[in-house]
Amino acid sequence: MNKWFYIAILGLAAALTGCTRTEVISAPQKAVAFQVGSYAPQTRAESIRTVDGIESFQSKGFLHAEGVEAVQPFFGANGETITYHAGTPATWTPSHDYYWPKSANSYVNFVSWYGGAPTTVSETSLVWNQTIATDANIMWADEAWRYNANAATYLEDDVEAGVPTLFHHALAQVRFQARLSKDKADNPETDDVKWAAKFTGLSLAAVKNQGSLTLANTDPLANIPQAWTGTGAEGAIEWVVAEGSTSASISMTSAGGIELGATAADILEYKSVLPQAITADMVLTVNYSVVTSYGSDATPSMEEYRTATVALSDFSGDITAWEMNRRYTYTIVINPDNGIITLIPVEKDWAPELEYNLNVE
């Protein structure tokens, strides 16, 4: 009896041992996130939220899955909108979670951009054919090659990690300011002469607004952000400008006039322009009025309405073209005594650096 009891126990143990199996627990899935910055020459990366107030952009992912020959659209055929979400930590994420491939031999290439409607978006080509509106903003990001996990390449907006996405501005911007060089006569014997002025209109002619931008990229065989190259000399990125296109939208008219003083007043805020050479037919026309007062009571005795023209190519400086990722401020300085206008253009990376003067008789 006892022998059968022990045999039964051993048989049960053997049966249980035979049924034993190993449970495989999958690693937790990790959602795709983005690290987002914008690029200005010789400055650190700053978030596009800081530079441009942008909180979303477009991205396409190209999935290379282990064992699958064809490239698959990771975000679907139309790509995804990547949006900033405040929090601790903050995130730049698509409309819903996308998870990294499980295989270490699978990876995703990411092509990201903002603004415009590219005619071509692939792993190796990014193309725009555009008519540029004055409120346009077009940017592209370095392509993120061969990623299969979030990375902490650089940190912005308290985002802890993500796909490095460093943006470049594709357009230039111009704005105009105006001020008086003086508001009273220089001669002590006639210091009772005073001036006031109003700026009433501005227009800039022959600004081209249609062009194409073609970018190319190649696989660096590493999980790194790779800069795009262009069609210019040695791969320079540049727009091909359509010669017949011009825009008449860089203009303003103020019926009441904008009062001018010693401090520059904003006449026309930043307008986007296609990067292009500054030509002799880019003529700036300005309209303003000057009121001259005599005597201690400052009673106006004469009001003159004046029109002046300035060719942007005439100033004695080295700004010969509007370049992408640059902003240009033109300050129009009016001498009310003799009508001379001084034009001071300032160039900045999207902190004024250089100034140039142009006297127009």
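## A partly exposed pair

R49 has a relative accessible area of 26% and is therefore partly exposed, a class that lies between buried (under 20% relative accessible area) and exposed (over 50%), computed with a 1.4 Å probe on protein chains only. E55 is likewise partly exposed, at 39%. The side chains of R49 and E55 form a salt bridge with an N to O distance of 3.3 Å; the term denotes a side-chain nitrogen of Lys or Arg within 4 Å of a carboxyl oxygen of Asp or Glu.

## Basis of the report

The model is predicted, so local features need pLDDT of at least 70 and side-chain atom pairs count only at pLDDT 80 or more, while totals for chains, interfaces and linings use all residues. Residues are numbered from 1 along each chain as its sequence is written, and side-chain values use heavy atoms, with hydrogens and water left out.

## Further salt bridges

The whole structure contains 6 salt bridges. In one of them, R146 meets D219, with the closest N and O atoms 3.0 Å apart. R146 belongs to strand β10 (residues 143-147) and D219 to the loop between β14 and β15 (225-226), so this pair ties together parts 73 residues apart in sequence. Strands are DSSP runs of E with at least two residues, numbered from the N terminus.

Another salt bridge joins E269 and R175 at 3.9 Å, N to O. Because E269 lies in strand β18 and R175 in strand β12, the parts tied together are 94 residues apart in sequence.

## An open sheet

An open sheet of 4 strands runs in the order β7-β8-β14-β16, with antiparallel pairing. The edges are β7 (120-121) and β16, each with a single partner strand, so one side of each has no neighbour in the sheet.

Strands pair if DSSP finds at least two bridges between them. β8 (residues 125-131) and β14 (residues 210-216) are joined by 7 bridges; Q130 stands opposite G211, and N129 opposite S212. On β16 (residues 240-241), S212 has V240 as its bridge partner.

## Nonpolar cores

A nonpolar core is a set of buried Ala, Val, Leu, Ile, Met, Phe, Trp, Tyr and Cys residues joined through side-chain atoms within 4.5 Å. The largest has 35 residues, and those touching the most other members include F176, F199, L260 and W322. Elements giving two or more residues to this core include β12 (172-180), β13 (194-204) and β17 (251-260).

Leaving aside neighbours within four places in sequence, L260 is in contact (heavy atoms within 4.5 Å) with residues including A178, F199, I267 and I334. Another core, of 26 residues, lies apart and includes F34, V108, Y147 and A151.
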